[in-house]
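Trainee: I've just opened this one and would like to learn how to read it. Can you take me through it feature by feature?

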Amino acid sequence: MRASSTSLLLWSIGSAVLGLTKSCPIADTSIIAHTGTPVGTEEVVDGVTLYVSKPGCKAPKVGVVYLTDVFGIQLAENKLLADSFARAGYLTVAPDLFNGTPAPSDLNDPTFNTTAFLAAHGPDVADPLIAKAIAYLRAAGVDKVAATGYCYGGRYAFRSVAEGKGADAAFAAHPSLLEDGEILTIAGPASVAAAETDSLMPPARRAQIEALLANTTQPYQVSLYSGTQHGFGVRANVSDPEQKFGKESAFFQAVRWFEAWV
Ligand SMILES: *[C@@H]1O[C@H](CO)[C@@H](O)[C@H](O)[C@H]1NC(C)=O
Ligand SMILES: *[C@@H]1O[C@H](CO)[C@@H](O)[C@H](O)[C@H]1NC(C)=O
Ligand SMILES: *[C@@H]1O[C@H](CO)[C@@H](O)[C@H](O)[C@H]1NC(C)=O
């Protein structure tokens, strides 16, 4: 009998003796949905539409406020990713940041004016909507709130973890328009997932963000994923193994961050 067969035999006997029936815990990608039908519901609370996704497991102590890219809660992939956070055990709420009118799927649509859109959805408009989503989570009984944000919403994940804004930790994937002051004023831990190709957060800006995070007193993380582009945290091409790995890992990066720091 060869050595490998011997060890396999011994392992089998050992497993039988110990009664090991449960598989070992691993990063369980089965909780992530890339396609399919969203399982959450929309509720209108205090004038804002919230996409709410509830965990099937025990009452959550931590809630997640999910801050979308410019495609809003209307984009199925945003709802599906919010559902994945719910399956990770968090009551998850995504506010409709664009009041029913998100950006079109083709940002080059000639009728779409990006400058005007972004100007109409600055912090003066977004911050109060996010505060309502956080208030919903608190009213539902969560003790702590984690903010997760993508592209446009990444900036607001940072803003949400400033003093008095209500979130206890932040995760941002490929944040856009994030200002230096918004990094320096975080009052909780912040984690960033970065794309290899991202004109809104190129390598030089990524290095600046790292330097600014290092100048805070908070725990921080910046992780770079090869073969990914701006938007990959939500809209990866999951037929491409590198992009699929990047999107799933960015999700687990957020979950691990919240498990560790919230
Ligand atoms: C887009 O909106 C900006 C700001 O409102 C405005 O200055 C600009 O002229 C607009 N561009 C086009 C092509 O309409
Ligand atoms: C970090 O802080 C040091 C010391 O105050 C300062 O010299 C440096 O410019 C800061 N860097 C950034 C990126 O803010
Ligand atoms: C997605 O990735 C697959 C595998 O790399 C590729 O064949 C396909 O063309 C990609 N789809 C799009 C829309 O880029």
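Trainee: Which residues are around ligand 2?

Mentor: A residue is near a molecule if one of its heavy atoms lies within 4 Å of it. Here Ala211, Leu212 and Asn215 are the residues around ligand 2. Asparagine 215 has a polar side-chain atom 2.3 Å from an oxygen atom of ligand 2; a polar contact is a pair of N or O atoms within 3.5 Å. Before we go on: this is a predicted model, where local features need pLDDT of at least 70, side-chain atom pairs count only at pLDDT 80 or more, and totals for chains, interfaces and linings use all residues. Residues are numbered from 1 along each chain as its sequence is written, chains are lettered from A and ligands numbered from 1 in the order in which they are written, and side-chain values use heavy atoms, with hydrogens and water left out.

Trainee: What surrounds ligand 3, and how much of its accessible area does the protein cover?

Mentor: Asn237, Ser239 and Asp240 surround ligand 3. A polar side-chain atom of asparagine 237 sits 2.4 Å from one of the ligand 3 oxygen atoms. On its own, ligand 3 has 360 Å² of accessible area, and the protein covers 26% of it (Shrake-Rupley method, 1.4 Å probe).

Trainee: Now the sheet. What is the order of its strands?

Mentor: Strands are DSSP runs (E, at least two residues), helices likewise (H or I, at least four), both numbered from the N terminus. Two strands pair if DSSP finds at least two bridges between them. This open sheet has eight strands in the order E1-E2-E4-E3-E5-E6-E7-E8, with mixed pairing. Strand E1 (41–45) and strand E8 (220–229) are at the edges with a single partner strand each, so one side of each has no neighbour in the sheet.

Trainee: How many bridges join E1 to E2?

Mentor: Five, and E1 and strand E2 (residues 48–53) run antiparallel. Valine 45 stands opposite valine 48 in E2.

Trainee: And where does helix H4 lie?

Mentor: Contact means heavy atoms within 4.5 Å. Axes are lines fitted to C-alpha atoms, for helices over the stretch in contact, and angles run from 0 to 180 degrees between N-to-C directions. Helix H4 (residues 123–139) lies across E1, E2, E3, E4 and E5, at about 160° to E3. The axes of H4 and helix H5 (residues 152–160) come within 11 Å and cross at roughly 65°. Among the residues that meet there are Pro123 and Ile130 in H4, and Tyr152 and Arg159 in H5.

Terms used: Polar contact = N/O pair within 3.5 Å; in protein donor to acceptor, adjacent residues only side chain to side chain.
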